[in-house]
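Let's take a friendly walk through a protein model together. Have a look at the fold below, and then we will go through its helix packing and salt bridges.

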Amino acid sequence: MKTRHNWTKEEILEIYNKPLMELLYEAATVHRENHDPNTVQVSTLISIKTGGCSEDCGYCPQAARYHTDIEGNDLMSVNQVKAQALRAKEAGSSRVCMGAAWRNVKDGEEFDSVLEMVRSINKLEMEVCCTLGMITENQAQRLAEAGLYAYNHNLDSSEEYYKEVISTRGFQDRLDTIGNVRKTNVTVCSGGIIGMGERIEDRAGMLVALSTLDPQPESTPINALVPVEGTPLEEQKPVSIWEMVRMVATTRIVMPETQVRLSAGRMQMSREGQAMCFFAGANSIFAGDKLLTTPNPDVNEDMEMFQALGLHPQKAFEKKSQSESISAEDSKYQNLGEKPKWSRPGHKIERNIEAQKVAKIRFENVKKSDL
Ligand code: SF4
């Protein structure tokens with residue numbers, strides 16, 4: 001099946017709502033035509049800077065305004081990150097994704113450190129990915145020169161539902177960041193979250209936005225919301241495994257060449273449920289006992305599951321060759337000291353405002369009880 005870039009919401013809904021056995025059969029067929037069904041890519045996520053983020057993403061415990069129980073940390077050192085990447089490699093990961101809780105990248109010392117992290121992981125012969133928030137074209141070029149393999153920037157949901165979850169940056173900003181990454185040789189990783197209270201139409205809408213990108217993202221994480229106490233979405237009911245399987249299968253059909261990744265929410269899925277997702281076309285997972293701040297299955301459990309299912313981890317650079325890593329001194333793109341103006345749509349999301357107020361009261365009470 002040829003990759004199409006003109007999927008409509010109606011067509012995608014029709015696929016999503018097919019009888020499950022038909023949907024699975026169709027997705028598994030597309031999967032086999034485009035990928036080895038017994039190979040799954042294993043990535044490790046390292047939170048290089050945790051918490052204290054200025055944004056109001058309703059699902060995120062790292063947003064400073066919600067004062068959740070997560071332990072924040074400043075930017076890790078290059079050596080700390082390198083040591084964790086080595087451990088991940090020994091445990092079978094071929095890719096490391098570094099996540100920083102930033103609204104956007106700012107030129108300066110911290111970004112220079114991240115570029116060094118990219119260089120040092122590239123030298124370990126691992127695919128290196130970053131998720132650092134919004135980036136300009138020059139920043140994307142600098143990451144590319146350092147040897148970055150992929151940049152993650154999720155669309156999260158449909159354009160319409162996105163406004164119900166985040167008010168501090170717009171959907172178009174996300175597309176612009178993806179566009180900036182596309183001007184380089186870095187691959188794009190972009191997906192979203194289900195279970196935030198959205199309608200099935202919104203899930204289809206998100207897949208329209210992703211699948212009509214040309215080229216489509218090389219990788220697409222499908223997350224199931226993990227509701228965290230203190231965030232505006234703390235009371236959302238978990239999605240069922242059937243919804244997850246349908247979402248994975250539909251993604252596989254409309255994005256045949258993309259690596260579809262099971263991300264947050266895997267801890268809540270049985271092995272049988274995950275096996276069904278692999279059958280439906282998922283071919284990537286995040287390994288490690290933590291996904292930024294939420295729990296994730298243990299690496300050994302994953303390897304046991306792989307053995308039981310006859311799956312094997314994908315080798316690094318199987319889909320695209322390794323980029324050369326250019327040293328800071330030799331790079332063509334320099335620190336421009338950019339202060340880009342990303343938008344702040346600033347509309348109101350009552351649920352987020354309420355959560356912020358509750359968090360403030362809780363925080364004041366904790367402070368008082370410390371006295
Ligand atoms: S999802 Fe990212 S941008 Fe949004 S609050 Fe969390 S860390 Fe910040």
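Predicted model: local features only at pLDDT ≥ 70, side-chain atom pairs only at ≥ 80, totals over all residues.

Residues are numbered from 1 along each chain as its sequence is written, and side-chain values use heavy atoms, with hydrogens and water left out.

**Helix α2 against helix α9**

- Helix α2 (residues 20-34) packs on helix α9 (residues 241-254) at an angle of about 40°, and their axes are 9 Å apart. Axes here are lines fitted to C-alpha atoms, for helices over the stretch in contact, and angles run from 0 to 180 degrees between N-to-C directions. Helices (H or I, at least four residues) and strands (E, at least two) are DSSP runs, numbered from the N terminus.
- The crossing of α2 and α9 is left-handed, meaning that the near helix is turned anticlockwise from the far one by less than a right angle (clockwise would be right-handed).
- On the α2 side, the contact (heavy atoms within 4.5 Å) includes L20, L23 and L24. On the α9 side, W242, V245 and R246 are among the residues that take part.
- Sorted by class, the contact of α2 with α9 has 9 nonpolar, 2 polar and 3 charged residues. Ala, Val, Leu, Ile, Met, Phe, Trp, Tyr, Cys and Pro count as nonpolar, Asp, Glu, Lys and Arg as charged, and the others, Gly among them, as polar.

**Helix α1 against helix α9**

- Helix α1 (residues 9-16) also packs on α9, at an angle of about 130° and with the axes 9 Å apart. That angle makes α1 oblique to α9.
- The crossing of α1 and α9 is right-handed.
- I12, I15 and Y16 of α1 meet E243, R246, M247, T250, I253 and V254 of α9. This contact has 6 nonpolar, 1 polar and 2 charged residues.

**Salt bridges**

- How many salt bridges does the structure hold? There are 18 of them, each being a side-chain nitrogen of Lys or Arg within 4 Å of a carboxyl oxygen of Asp or Glu.
- R103 pairs with E55, with the closest N and O atoms 3.1 Å apart. R103 sits in the loop between β2 (95-100) and α4 (109-123) and E55 in the loop between β1 (39-49) and α3 (78-90), so this bridge ties together parts that are 48 residues apart in sequence.
- Are R103 and E55 buried or exposed? R103 is buried at a relative accessible area of 11%, and E55 is buried at 2%. Buried means under 20% relative accessible area, exposed over 50%, and partly exposed in between (1.4 Å probe, protein chains only).
- R182 and E218 form a salt bridge at 2.8 Å, N to O. R182 is partly exposed at 25%, and E218 is partly exposed at 30%.
- R199 bridges to D202, with 3.4 Å between the closest N and O atoms. R199 is partly exposed at 48%, whereas D202 is buried at 3%.

**R174 in helix α7**

- R174 lies in helix α7 and is buried, with 3% relative accessibility.
- Leaving out residues up to four places away in sequence, R174 touches several residues, including C57, Y59, H153 and R169.

Terms used:
Parallel < 35°, antiparallel > 145°, perpendicular 65-115°, else oblique.
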